[in-house]
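Here is my note on the model you sent. Please read each point with the structure open beside it.

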Amino acid sequence: MHMLLLPLLLTFLNLSQAQPPSDAPLSSTVCIIGAGIGGSSVAHFIRKYSPDLTPTTKIRVFERNTIVGGRIATVNVAGETFEAGASILHPKNLHAVNYTKLLNLKAREPSSGFSLAIWDGNKFVFKTIEISSNLPLFDKLLKLPFIENLVSLVNSGLMFVRYGFSLFKMQNFVQSAVGSFSKYYEDTGSRPIFETVDEMLKWAGLFNLTTRTLQDELVDAGLSPLLINELVTVITRINYGQSVYMSGLGGAVSLAGSGGGLWSIEGGNRQMAVGLIDRSDVALHLNEGIKSVADLGDHYELNSTKGNNYICEVAVVATPLDEINIQFIPPISIPERKLQHTHATFVRGLLNPVYFGLKATAKIPDLVATLEDPELPFTSISVLKKHNEEESTYKIFSRKPMADTLLNSIFSVRKETIRIDWAAYPQYHAPEIFAPFILDGRNLYYVNAFENAASTMETSAVSAENIARLILSRYFGKVSVHSSNLKASSQEEDAHLEL
């Protein structure tokens, strides 16, 4: 455990001591169900936009798990900490940039110089190059910037030879979507408060991307079938576990998540949620889920898994409702959807080159990605860290659990194996149909309604910021909230430049 987290976690443990069951409900103004990036961001923006409410407004945050973070989590392999859930951030994720600066977190520089190969189950249909050496002195020389730049240039040339000008068309498609998304960072004086996901997407010019498949969008953009079937497919499979027939906006976000300058938080991305909750003056209830939410007219009563009752004037659901059983009284109605389960398998050991038709492990690229084929047992295998010549830590993504017999054929040495089943993101199908932000027409809100557009840490923060503004305007009557123009803020711009 990172030593810097210890004081925060001790504070949280004190806050989360179970309240003894009582006939008298505990009262709060705002209750938030879920302590991931969505729930923590709602609490943060309520406090940020209306600091005058802090002395009188009590916020409770309920988390059914024992730690904060939700789908942002870490795993420990061989004494090293690695991201197990949401792992990458884009350089233009300005809320995440701002959180990093606000919480004095350190951004981890993106890895460079890794090699990529696309595997069709029998052979590598495409490979980039990587210059490596077993000699420490030469290995240091090969890490010099001009050598890395030369390798990068050669690999760009290999990409261009295979995919041609379609690469630039893909880049333009992604830049257009990112540019539209950036409208959500405009000053609150000119940016509306949105009561539905549809109007939020239409305002930014992104709604049409949710009505068609990524495949259709890219064909119209002029991308070649080879690029779509290989590189684009590889990216959507790794980032969302789905094919190019997913909806267009989620696909565009997936492609943006494969570009340059990607980063993460040193020590784990979940520190953003931890820090935001710590700063937001909330009562945190860890290991306490919510069983039911009853509308009693002028307030809601929440019944918890620990037998406690809580009275809240405002209730916020900041966790996907798809696979949890919360009873709403009266019942609410949201569109049915399924979550895409991604199986993340972490292995400390050594890959078997024979499995890939090679003679040496060193010949296996750092990232082995696969094409859309139901017969292929994994989505990708990537090297997280090379400990020495005989041992590395690998991360495998797959749509199904990886059986021991399969792992034994892929690895020649397997010293440690950790399996995680993530209900990671929605299954995307065009046209998307969105759940409401306001679940009951009153003061019951749903942050994850936006997830059917795209599911990332940043989209959760964007949705949470809008929910916080909805709460402040509809319940507290605060139509004008503090400015949130991230582009104009010198502090946040500095953080962006540092990244």
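1. Start with the loop that holds Pro431. Pro431 lies between strand S18 (411-426) and strand S19 (444-446). The peptide bond from Ala430 to Pro431 is cis, with omega near -5°. Bear in mind throughout that this is a predicted model.

2. There is another cis bond to check. The peptide bond from Ile329 to Pro330 is cis, with omega near -5°. Pro330 sits in the loop between strand S13 (327-329) and strand S14 (339-351).

3. Look at Asn104 next. Its phi is positive, about 55°, although Asn104 is not a glycine. The residue belongs to the loop between helix H3 (94-102) and strand S5 (107-108). Asn104 has a relative accessible area of 71%, so it counts as exposed.

4. Asn287 also deserves a look. Phi is near 55° here, a positive value in a residue other than glycine. Asn287 is in the loop between strand S9 (282-286) and strand S10 (290-295). Its relative accessibility is 41%, so Asn287 is classed as partly exposed.

5. The largest nonpolar core has 126 residues. Leu201, Leu302 and Val316 have the most contacts inside this core. Helix H13 (residues 457-474) gives the most to it, with 9 residues. The core draws at least three residues from each of domain 1 (28-69 + 268-337 + 430-476) and domain 2 (74-264 + 339-426).

6. What does Leu201 contact, leaving aside its neighbours within four places in sequence? The partners are Tyr184, Leu206, Phe207, Thr210, Leu249, Phe434, Phe450 and Ala453. A second, separate core has 19 residues, including Val347, Leu350, Ile396 and Leu407.

7. Is Thr379 buried or exposed? It is buried, because its relative accessibility is 3%, and the cut-off for buried is under 20%. Thr379 lies in the loop between strand S15 (367-370) and strand S16 (380-388). Not counting residues up to four places away in sequence, Thr379 touches Arg237, Ile238, Val368, Ala369, Thr370, Phe397, Ser398 and Arg399.

8. On the surface, find the nonpolar patch formed by Ile129, Val154 and Leu158. Together these residues have about 190 Å² of accessible area. Val154 is in helix H5 (residues 145-163). At 37% relative accessibility, Val154 is partly exposed.

9. Salt bridges come next. The count is 22. Arg212 forms one with Glu217, where the closest N and O atoms are 3.3 Å apart. Arg212 also forms a salt bridge with Asp220, at 2.8 Å between the closest N and O atoms. Arg212 is partly exposed, at 30% relative accessible area. Glu217 is buried, at 14%. Asp220 is exposed, at 56%.

10. Finally, inspect Arg337. Arg337 forms a salt bridge with Asp322, and the closest N and O atoms are 2.8 Å apart. The pair links distant parts of the chain, 15 residues apart. Arg337 is in the loop between S13 and S14, while Asp322 is in the loop between strand S12 (309-317) and S13. Arg337 counts as buried, at 16% relative accessibility. Asp322 is partly exposed, with a relative accessible area of 24%. Both residues belong to a network of salt bridges that links Arg71, Asp322, Arg337 and Glu451.

Technical notes:
Residues are numbered from 1 along each chain as its sequence is written. This is a predicted model: local features need pLDDT of at least 70, side-chain atom pairs count only at pLDDT 80 or more; totals for chains, interfaces and linings use all residues. Side-chain values use heavy atoms; hydrogens and water are left out. Patches are made of residues with over 30% relative accessible area and no salt bridge: like charges are joined within 9 Å, nonpolar side chains (Val, Leu, Ile, Met, Phe, Trp, Tyr) within 5 Å. Accessible areas come from the Shrake-Rupley method with a 1.4 Å probe; for residues, only the protein chains shown count as cover. A salt bridge is a side-chain nitrogen of Lys or Arg within 4 Å of a carboxyl oxygen of Asp or Glu. Helices (H or I, at least four residues) and strands (E, at least two) are DSSP runs, numbered from the N terminus. Buried means under 20% relative accessible area, exposed over 50%, partly exposed in between (1.4 Å probe, protein chains only). A nonpolar core is a set of buried Ala, Val, Leu, Ile, Met, Phe, Trp, Tyr and Cys residues joined through side-chain atoms within 4.5 Å. Domain bounds come from an automatic or database domain assignment. Contact means heavy atoms within 4.5 Å.
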